[in-house]
2 protein chains.
Amino acid sequence: MPTLQRQDGLALDAADPLAPLREQFTLPDGVIYLDGNSLGALPRATAARVQTVLTEEWGEGLIRSWNTAGWIDLPRRVGNKIARLVGAAPDELVVTDSTSINLYKVLSAALSIARADAPQRRVIVSERENFPTDLYMAQSLAAQHGMQLELVEQGQALGRLHDDVAVLLLTQVNYRSGALYDMAAVTAAAHAAGALTVWDLAHSAGAVPVDLNGAQADFAIGCGYKYLNGGPGAPAFVWVHARHVNRVEQPLSGWHGHAAPFVFTRDYQPAQGIARYLCGTSTLLSLAALDCGVDTLLAAEPMGGMQALRRKSVALSDLFIRLVHEQLSAYPLTFATPLDAARRGSQVSLTFDGDGYAVMQALIARRVIGDFRAGDKTRGDADLLRFGFTPLYLRYVDVFDAVQTLRDVLDSGVWREARFARKGAVT
Amino acid sequence: MPTLQRQDGLALDAADPLAPLREQFTLPDGVIYLDGNSLGALPRATAARVQTVLTEEWGEGLIRSWNTAGWIDLPRRVGNKIARLVGAAPDELVVTDSTSINLYKVLSAALSIARADAPQRRVIVSERENFPTDLYMAQSLAAQHGMQLELVEQGQALGRLHDDVAVLLLTQVNYRSGALYDMAAVTAAAHAAGALTVWDLAHSAGAVPVDLNGAQADFAIGCGYKYLNGGPGAPAFVWVHARHVNRVEQPLSGWHGHAAPFVFTRDYQPAQGIARYLCGTSTLLSLAALDCGVDTLLAAEPMGGMQALRRKSVALSDLFIRLVHEQLSAYPLTFATPLDAARRGSQVSLTFDGDGYAVMQALIARRVIGDFRAGDKTRGDADLLRFGFTPLYLRYVDVFDAVQTLRDVLDSGVWREARFARKGAVT
């Protein structure tokens, strides 16, 4: 196989039917942004939309805009757009609150259902490597419900599905390693073992095709500011399968989740359907920005939608992996991400036996933005260099240039000096 | 006492030292906005600030802005500004989530403290007329903790403070009637009776002087989009007295409330102080807008701050009451708000023995924006016309013009026809 050259990247871009989608974003000149898995880029439409909300809807319309500008209905409308990306039916998904808080709602509901259907099941199973906030919420709820949270190593959860397990709580794409679960297969195994599933889609919604109803999943939540490009702290989303949604209430019973939110009756009556997962007043500016972010993904629908985006995402990350193999084999880099594309999301993580923090800082100084995640040293976890490959706004040539820059940084030896300097500074 | 004329209003405005504060806002031409108690007006600074967050901080800075633009610290910084308005010390108050969700956090914490200190106390006392979402959250938590929520009529709570009461949950200014509680006196009575207090400041923060530490209050929450002018769905705030804050955790244990939020350890360790009431990622666009809204109140500090704003608020609402008395006595209007200014917030509510909805619609059509609140007919509650008097952007002449417009609407008889038409339509 001949060594790939930068001109091959330019040729791939010229032939890429998704290339025009990049024009939807404003990206800083000369920056290669490989951190869309943490914070998506700014869509061109967002600034004008938010200005309209500010000056016309709020400034001119004032309180009237709850009706005239459709504010009251926006969580449902944006939710219906996200539903198209994750295999949910219309009116099954709403945008509200943060990912953390939505996890609290759905895990509470899942535990209520488990208690009713199988009171002897007292264990929530999750992974030690799951996103920490998910584990914090599960700890809080386990204590509240008199249950146990048991954490297993990544990939070991199915082996722990004994008859004491009420809920399996997983993030579909791991935020550190990028490893991807087959939602349908895992859900089927959980159901066969009598457990409910709660899926965190923070790193999969907008990144890989998700089919919640096809997988017969039970509960799901997801993030608005990563692959959905909703902006810093964009509100999150929540979905519950139709077979569960009206069975139980969730504990954060605010006015917007009421059956008659404007009647202001004194007894809480949850709305039918997913609207009962709404709580207080939605953050309208942030919600409008998220609406624009989701539109950047829906713009791919005529070109094949999430399936087409996924193909490009895999092509980008495969290319990155190949170039790292070809060009950087002299350096102590190891892939922490599964090399089998079917088992990873839209990111590639590398461990580096050296000062990875210094490498990432040097990369960022050269305008290649990935991120660095320190490992938990008490558990022997490695530090990670993470690189996200967002097919909406990344080009193949960017992958060539990013690897070349990484090579320049490694060749410069800055990481050896920095490591030494940092060690010296700490002593 | 001679009848007041519109020119008296102009004279009052000319002599008003707070009059320049109005220039901080963009208000629609010809609109008299008497609904700042539901949604504050748009500050002039907000659009530019939000654009900066969008295009420079997000668009250019991307993920780096968590550090370089100070995003991570913004909930604390805006909290410290609000602290100056409500008698809280620096770093005692943070901005996060919604009012509803913050109520869940503080009421959970209050119940945990009560359970530890006085396990025989099993009752939460609140008012039937409290804001419904507060009651919904209290219902949810009472059920979760095996406690009872008891609702009394407005003003009757102190008489119910028997030795079974754990927590007294009150909104300082009632959203319907505008009645104002003396926080220090009520808190002292609650403490004397062995109960903790949870104060909802939704209609008092930025509307009346509040002194949380002076009153020795226990827990408080408040709203960002009413008198704080933070925009639709602005995030809310939460405060806990120093004597309680590190005693107990709150159940919504997200990453941002962790003692070391970026270390991503797997066990939840709450931060010291009010930071443990943070949860997930803050909605940055909405939070930046709130920052500008709070600044419009702090701009009054050189002119006497909340005390001076309160004097003008009382002068405006006293004037409204006097003009309604003088000019509208022929119509079936009744004040639902205490006429004693010391016992009301920054709004005046009227009951109307006729089609109040039609009156308010006609007023809004003539560009005088108040709001209509239907009463709970099953309890015999009256419908209300609510008028908020926000001293930051209302002029005395606006009060004259608003009452004149209300008189025109009533003189036109539209409410009689509308009432008849609506009755006809229902039959």
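How many residue pairs are in polar contact between chain A and chain B? I shall come to that count after a brief introduction to the assembly.

Good morning, colleagues. The structure before you is a predicted model. Let me begin with the relation between its two chains. The same surface serves both copies, since 100% of the contact residues of chain A recur in chain B.

I turn now to the extent of the interface. On chain A, 73 residues are in contact with 73 residues of chain B. Between them the two chains bury about 6200 Å², and 65% of this area lies on carbon and sulfur atoms. In chain A, the residues that lose the most area to chain B are A:Trp58, A:Tyr136 and A:Arg266, which together account for 15% of what that side buries.

Between chain A and chain B, 21 residue pairs are in polar contact. Salt bridges across this interface, by contrast, number zero.

Which elements of chain A give two or more residues to the side that touches chain B? They are strand E3 (42–43), helix H2 (44–61), helix H5 (99–117), helix H6 (132–145) and helix H9 (284–298). H2(A) supplies the largest share of that side, with nine residues.

Finally, the composition by class: the side of chain A that touches chain B has 35 nonpolar, 26 polar and 12 charged residues. Thank you for your attention.

Terms used
Residues are numbered from 1 along each chain as its sequence is written. Chains are lettered from A and ligands numbered from 1 in the order in which they are written. This is a predicted model: local features need pLDDT of at least 70, side-chain atom pairs count only at pLDDT 80 or more; totals for chains, interfaces and linings use all residues. Side-chain values use heavy atoms; hydrogens and water are left out. Contact means heavy atoms within 4.5 Å. Buried area is the accessible area (1.4 Å probe) that two parts lose on being put together, summed over both. A salt bridge is a side-chain nitrogen of Lys or Arg within 4 Å of a carboxyl oxygen of Asp or Glu. A polar contact is a pair of N or O atoms within 3.5 Å; within protein, one must be able to donate a hydrogen and the other to accept it, and residues adjacent in sequence count only if both atoms are side-chain atoms. Helices (H or I, at least four residues) and strands (E, at least two) are DSSP runs, numbered from the N terminus. Ala, Val, Leu, Ile, Met, Phe, Trp, Tyr, Cys and Pro count as nonpolar, Asp, Glu, Lys and Arg as charged, and the others, Gly among them, as polar.
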